[in-house]
Amino acid sequence: ADLFTVLTSALAAAPEWAAAGRPKLADFLAPAATPAAEASPAAEASLAVGTKVTVNYKKSGNYFSGSIKKVNGTGNKYDIAYDDGDSENNVTRDRIRLDADAPLADAPIADAGLAPGACVEVKYKGGTGNWYPATLVSAGGDGLWSVAYDDGESEAGVMAVHVKLLDAKGGKPVPVPGTATDPEAIAAAAQSAPVSAKKNALPSAPRAKKPVVALVGPAGCGKSTLLQAMGGNPDPKPRPTSGFGQKKLPFLLPGADAEEVTVHWYDLPGKAGFRPNWAGYLGEAHALVFVADAAADEEAMAAAAEALALLTASDDAECSRVARGKPMLFLANKQDAPGALEASQVAAKCGLLGGGLEQAKVIGCTAHPAKTPGGDFDSGLEGGLEWLLGEVAARWGELDQRVKQDEAREKARQEEEKKDRHRRVMEKVLREKAFPLDEAEKEAVFSLEDAEEFLAMELLLHDPQNPEKTRTAEEHWGLGSEAQALCRLVGYQKMAMMMVAEMINPESKPSKRSWTWAEVEAYVKDRREAAGLSRDLE
């Protein structure tokens with residue numbers, strides 16, 4: 001799912017800190033509490049409705065005071081009403097401690113861990129940029145994280161040493177081993193970092209051959225089985241592909257040089273709902289493998305033809321534009337199945353001939369090794385893959401140049417899409433949270449003084465922790481008249497001011513330019529107008 005869509009959806013609902021009634025700046029800067037000692041055995045049976053407790057808030061490792069609101073089921077789960085107005089349901093007993101045995105301290109805990117959904121700060125672009133607020137989305141098997149930044153961007157492959165876990169309510173860094181609060185982990189990461197990632201590194205070498213091959217076709221045709229078989233699995237049992245998959249495998253490129261390279265294989269889901277996303281991946285591919293089920297019924301064969309049509313369309317559709325002219329191997333898979341058609345018949349039924357892909361190589365195969373006569377990898381399939389990679393090797397210069405151009409075009413499209421989403425989010429925030437219609441309640445709106453202090457901190461003009469950068473309310477926390485006017489234009493709304501600060505911040509992300517105050521003012525006025533508000537404050 002698009003991470004910015006998730007953000008937009010989240011904006012439609014009142015955030016927890018708004019529901020808890022914390023619009024003041026001091027509330028966002030409040031220190032977190034620490035876990036308390038284990039509850040005494042005598043207290044274990046005392047969790048009745050109304051009992052005062054401290055609770056591990058949303059498994060974050062930070063404990064906050066509240067009371068039992070409801071006892072669920074057999075008494076092993078509880079609904080909690082926190083003292084600050086938050087609530088949480090179905091909290092397990094192991095996360096609850098009796099108030100009398102769990103005095104709150106002033107410092108965040110030191111043994112909390114990273115987990116999906118945690119609020120963090122991330123050092124942008126693999127540790128080369130600045131720190132930005134984000135949410136952990138998922139962790140890979142290699143220990144790297146995917147994150148969603150609060151401004152709508154996302155990043156994958158984030159190392160733990162580039163992440164600071166923030167306590168659940170105070171927003172302050174929590175010491176966690178292996179993260180950016182662990183000096184030993186930071187030192188170890190610096191020692192193991194590749195030379196290209198270190199300062200004063202030598203200029204990078206010319207782009208090496210890194211072929212990308214995309215596996216496409218309708219759902220259930222055997223793409224994932226093929227990929228597992230190529231990886232050496234003699235009896236693949238893949239699950240249906242619900243999202244983008246990939247695998248890197250070493251191959252010997254055919255040709256005079258017999259160069260060994262790592263081929264990056266993309267396994268693209270074949271369901272109709274995902275196919276519109278193929279274009280973004282096919283632009284990165286030097287070649288394609290289209291897989292069809294040779295034993296499919298008429299309905300499934302029609303689905304294969306529909307999928308292939310995306311690659312052969314004669315109009316200016318992006319999918320066909322990035323696919324046409326690239327080497328393609330057409331596999332009529334599952335030749336072992338009863339009623340399987342010959343490869344040429346499958347190609348004809350799918351509309352391959354006359355579709356602009358006449359140069360594609362068509363072969364029949366059985367991708368599942370255990371279902372071949374000898375129980376080995378299909379020799380015809382092996383020959384087909386050698387042909388495909390031979391074509392890539394022979395046309396490398398042409399194909400790689402085209403991939404670079406398609407990647408640049410796709411990057412530009414994504415940037416424009418981000419700008420469009422940014423516009424929509426700003427308009428939604430202004431319309432629904434800063435200046436709601438029909439006398440609806442405003443959300444996360446600061447007072448004038450707190451708003452200016454918050455924006456000054458976001459712009460790094462004011463730092464209450466640093467005496468040299470501490471400013472006062474009398475000097476508007478270091479803000480000029482342009483910034484003060486923008487605070488008013490966005491209604492002192494927290495999210496809107498964060499977006500403004502990210503645009504103007506002189507230490508912004510390397511991939512983004514800094515806007516001038518005049519540009520931001522014009523942008524906000526345009527968004528106000530698009531949101532149905534007056535361009536200027538009345």
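Trainee: In what order do the five strands of the open sheet come?
Mentor: The order is S9-S8-S7-S6-S10, with antiparallel pairing. Strands here are DSSP runs (E, at least two residues), numbered from the N terminus, and two of them pair if DSSP finds at least two bridges between them. One caution: this is a predicted model, where local features need pLDDT of at least 70, side-chain atom pairs count only at pLDDT 80 or more, and totals for chains, interfaces and linings use all residues. Residues are numbered from 1 along each chain as its sequence is written, and side-chain values use heavy atoms, leaving out hydrogens and water.

Trainee: Which strands sit at the edges?
Mentor: Strand S9 (154–158) and strand S10 (163–165), and each pairs on one side only.

Trainee: How many bridges join S7 and S8?
Mentor: Five, between residues 131–139 of S7 and 145–149 of S8. Leu136 stands opposite Val147 in S8.

Trainee: New topic: why does the length of H11 make sense?
Mentor: Helix H11 (residues 379–394) has 16 residues, so at 1.5 Å a residue it should span 22 Å, and its end C-alpha atoms are 22 Å apart. The expected span is 1.5 Å times one less than the number of residues. Helices are DSSP runs too (H or I, at least four residues).

Trainee: Which H11 residues are buried?
Mentor: Among them are Leu381, Leu385, Leu388 and Val392. Buried means under 20% relative accessible area (1.4 Å probe, protein chains only).

Trainee: And how much of the whole chain is buried?
Mentor: Buried residues make up 43% of the 538 residues.

Methods. Buried means under 20% relative accessible area, exposed over 50%, partly exposed in between (1.4 Å probe, protein chains only).
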